[in-house]
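Work through the exercises below with the model open. Try each task before reading its solution.

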Amino acid sequence: MWFAILLKEWLKLRWSLAALLAVHLGVLGYVFLTLRHQFQIEHSEMIWYWAFELRRLLYTPLQYLPAFTGVALALAQFGPERLNGRFRLSLHLPLRGDWLVWSWVAVGALFGALLSSLTALGLYLLIGQWFPREAAFSAVLTALPWLLGGWVAYFGANLALLEPAWPRRLAYLGVSLAFLGLLYQERGYQEYDQIFPALTGLALLFIPAVILPAHRYRHQAMIGGAS
């Protein structure tokens, strides 16, 4: 049963994952070409001054990519089922509802984490091609809040998609957008190092929270009032 459930999630997401992989590779390629162009038209000392004296980030095109990926995965995973009313059928499988929902979001979160890991590795290799290894590692640490934004965007979109009541749906969107806004306040390098563990702990609260809207949706479907 569990293998069939995981296979179903893979079949739902495979084409979206292929498209997102192409987008991630395309953005990494764009950052590579931009950096190479800058090193061709400017002296290395000037770029070093921009990066480490003025603290100007050289890879901002990657900033919103994880959040975009999280929303796209949530829409691909639950959007069609909610629109077509098939989601209620899945909730009536002979398995515990909370484990069902957690298994679904675990698949989406796992694929999102793999894409984020690819982005972090690509960023490390790109920066390491022109700067010391310490600078490449610093770039990954700087990008960690953006990668956490992908997690927040994925679970925030899932909460909004699974919630049957519009007021709660808007509340979930508001909380998620506020959290995302908090993660995108940095303007320099590693500005979130001290607070990042606390932000990660808060983001983990999305895991138990995603059960609540699914439970309400199932209960509403059972009494015939689900949309």
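**Exercise 1. Salt bridges**

State how many salt bridges the model has, and work out which residues are joined into one network.

Solution. 
- Step 1. Apply the cut-off: a Lys or Arg side-chain nitrogen within 4 Å of an Asp or Glu carboxyl oxygen. The count is three.
- Step 2. Take Lys-8 and Glu-9. Their closest N and O atoms are 3.7 Å apart. Lys-8 is partly exposed at 32% relative accessibility, whereas Glu-9 is buried at 1%.
- Step 3. Take Lys-12 and Glu-9. Here the closest N and O atoms are 3.2 Å apart. Lys-12 is partly exposed, at 22%.
- Step 4. Take Glu-163 and Arg-168. Their closest N and O atoms lie 3.8 Å apart. Glu-163 is buried at 0% relative accessible area; Arg-168 is partly exposed at 40%.
- Step 5. Look for shared partners. Lys-8, Glu-9 and Lys-12 are joined into one network.

**Exercise 2. The buried side of helix 8**

Identify the buried residues of helix 8 and name the helices they pack against.

Solution. 
- Step 1. Pick the residues under the 20% cut-off. In helix 8 these are Phe-196, Leu-199 and Ala-203.
- Step 2. Check their directions around the axis. They cover an arc of only 60°, so they sit on the same side of helix 8.
- Step 3. Find what they pack against: helix 6 (133–162), helix 7 (166–183) and helix 9 (206–209).

**Exercise 3. Confidence**

Decide where in the chain confidence is lowest and where it is highest.

Solution. 
- Step 1. Start with the whole chain. Mean pLDDT is 87, and 92% of residues reach 70 or more.
- Step 2. Helix 4, residues 87–90, has the lowest confidence, at a mean of 68.
- Step 3. Helix 8, residues 196–204, reaches 95.
- Step 4. Where pLDDT is low, the predicted coordinates should not be read in detail.

Technical notes
Residues are numbered from 1 along each chain as its sequence is written. This is a predicted model: local features need pLDDT of at least 70, side-chain atom pairs count only at pLDDT 80 or more; totals for chains, interfaces and linings use all residues. Side-chain values use heavy atoms; hydrogens and water are left out. pLDDT is the predictor's confidence in each residue, from 0 to 100. Helices (H or I, at least four residues) and strands (E, at least two) are DSSP runs, numbered from the N terminus. Buried means under 20% relative accessible area, exposed over 50%, partly exposed in between (1.4 Å probe, protein chains only). The arc is that of the directions from the helix axis to the C-beta atoms. Contact means heavy atoms within 4.5 Å.
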